[in-house]
There are 2 protein chains.
Amino acid sequence: MHSRTPDNSATRLERKRRTREALLDAALELLEDESFSSLSLRQVTRAAGIVPTAFYRHFEDMEELGLVLIDESFRTLRAMIRTARADPRTTEHVIRGSVEILVSHVHEHDAHFRFIARERFGGVAALRHAIRGEIRLFASDLATDLARFPNLRSWSTDDLQLLAGLIVDTMVATAEAILDAPPDDPAAEAEIVATAGRRLRMITLGVGGWRSEGAGVANAGESRP
Amino acid sequence: MHSRTPDNSATRLERKRRTREALLDAALELLEDESFSSLSLRQVTRAAGIVPTAFYRHFEDMEELGLVLIDESFRTLRAMIRTARADPRTTEHVIRGSVEILVSHVHEHDAHFRFIARERFGGVAALRHAIRGEIRLFASDLATDLARFPNLRSWSTDDLQLLAGLIVDTMVATAEAILDAPPDDPAAEAEIVATAGRRLRMITLGVGGWRSEGAGVANAGESRP
DNA sequence: CAACTCAGTGCACAACTGTTCACAGAGTAC
DNA sequence: GTACTCTGTGAACAGTTGTGCACTGAGTTG
């Protein structure tokens, strides 16, 4: 072991990782004011403190950087929901907990969430599709989790997907509302949170009376002609 | 009235109106592929067939053009919903009719809706706020309409707003899903429509068992501490 | 018919964009 | 210690952007 880079081992890769992160951070911050498609490579490198051409040492494209940002964002989101499901007792508990965790995480990673909300239907097709795929996956995960609740155990997977989709959409709308609310206005935010909770409760009330079209009667009006 | 421009009266203003419309149309078409903030004045004028500087004869700004587009879009939306409420018998009728009308109008004015969906959380603050205001107003209108239903007559305005918001959000999500679906794929779209109907039905089922926090018990957990 | 209005033109400018290329110099490998 | 690797540099390119300015010429007006 003559000179196996004894203690400052990752010095080179570490430096690279750091400027890469600087690029991502700079982009994320710039994206609070404008949308991705209008964000230029030069702006990002300028904010990151490197020369434009050095960008290509880390990403082939601005699009590639955008996809990495999406991946980052949903990684935190996934961590969030895992916490929310750690202690699932009743639906009421889950509702209250989910909303709380959603809110706190939106605040903690607000730049990421703002980026996601903005690009969900933004100008860059690749980002749109990536985000849409992640949300779909998210709803799918929720559906399998919902299957564990006693009062939903008899539901068809189709109905569970329906319910999960409705819940996820409500959560997405809530997150978007929080991001759009005036910052440092606890009253406005409290109302959003309260509304989110009531909405979810209203939805779960519908669950009690729900009877699937595909189960009880015939499968009427569904994609099967 | 010696020469009150007898029959070709609006020739001049008409020509102006026409190129103005050409600008708006060109912008709308370009906006199908990219977001507003990345759309340049020159692109629009190029597509409209005029020279860049002539743009200023019609709009002071690109932003002003954007706001006009939003106004246009919601004008058609408003016309739509007026039709949907023309014959309100039962909630079931209203649901089915609303979804149908929404779908047909999204198709008819898909460029407008795509623009709205894209800029709802896009990079330009002025457009975001304008759209958000219009949607809020939309939900408000729906709430007053809901008040006419027998089974909702006893509801508080707060609860009606809640319900209306939930419905509008679901409709918005549906419209966005339709726009994002592969075009000319009737199966995918039929599924979206079916899901929308089922979601709305699930929500209205919740209505039956709903008991307002502010009415029956105390106003628990609301913004009043 | 002469005078005027004004939508659209054409040129110019400085600023910014993405990407190329040869090159520096610190970090690493042997 | 020498040779190599590779992140970041700096100049240069062709292209695009928004906007100012003096203009043309058709449409309108009295």
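Biologist: How many residues does the contact take from chain A and from chain B?

Modeller: In this predicted model, chain A gives 34 residues to the contact and chain B gives 34 residues.

Biologist: Which helices of chain A supply at least two residues each to the side that touches chain B?

Modeller: Those are α5 (110-119), α7 (157-180) and α8 of chain A. The most comes from α8(A), with 13 residues.

Biologist: And how do the residues on that side of chain A divide by class?

Modeller: Into twelve nonpolar, twelve polar and ten charged.

Biologist: Back to α8(A). At what angle do the axes of α8 of chain A and α7 of chain B cross?

Modeller: At roughly 75°, and the axes come within 10 Å. Angles of 65 to 115 degrees count as roughly perpendicular, so α8(A) is roughly perpendicular to α7(B).

Biologist: Which residues make that contact?

Modeller: From α8(A), T195(A), R198(A), R199(A) and M202(A); from α7(B), L162(B), G165(B) and L166(B). By class, three residues of this contact are nonpolar, two are polar and two are charged.

Biologist: New topic, the DNA. Which residues come nearest to DNA strand C?

Modeller: There are 19 residues around DNA strand C, and R12(A), S40(A), L41(A), T19(B) and V51(B) come nearest.

Notes
Residues numbered from 1 in each chain as written. Chains lettered and ligands numbered in written order. Predicted model: local features only at pLDDT ≥ 70, side-chain atom pairs only at ≥ 80, totals over all residues. Axes fitted to C-alpha atoms, helices over the stretch in contact; angles between N-to-C directions. Helix = DSSP H or I, 4+ residues; strand = E, 2+ residues; numbered from the N terminus. Parallel < 35°, antiparallel > 145°, perpendicular 65-115°, else oblique. Contact = placed C-beta atoms within 7 Å. Nonpolar A, V, L, I, M, F, W, Y, C, P; charged D, E, K, R; others polar. Near = placed C-beta within 6 Å.
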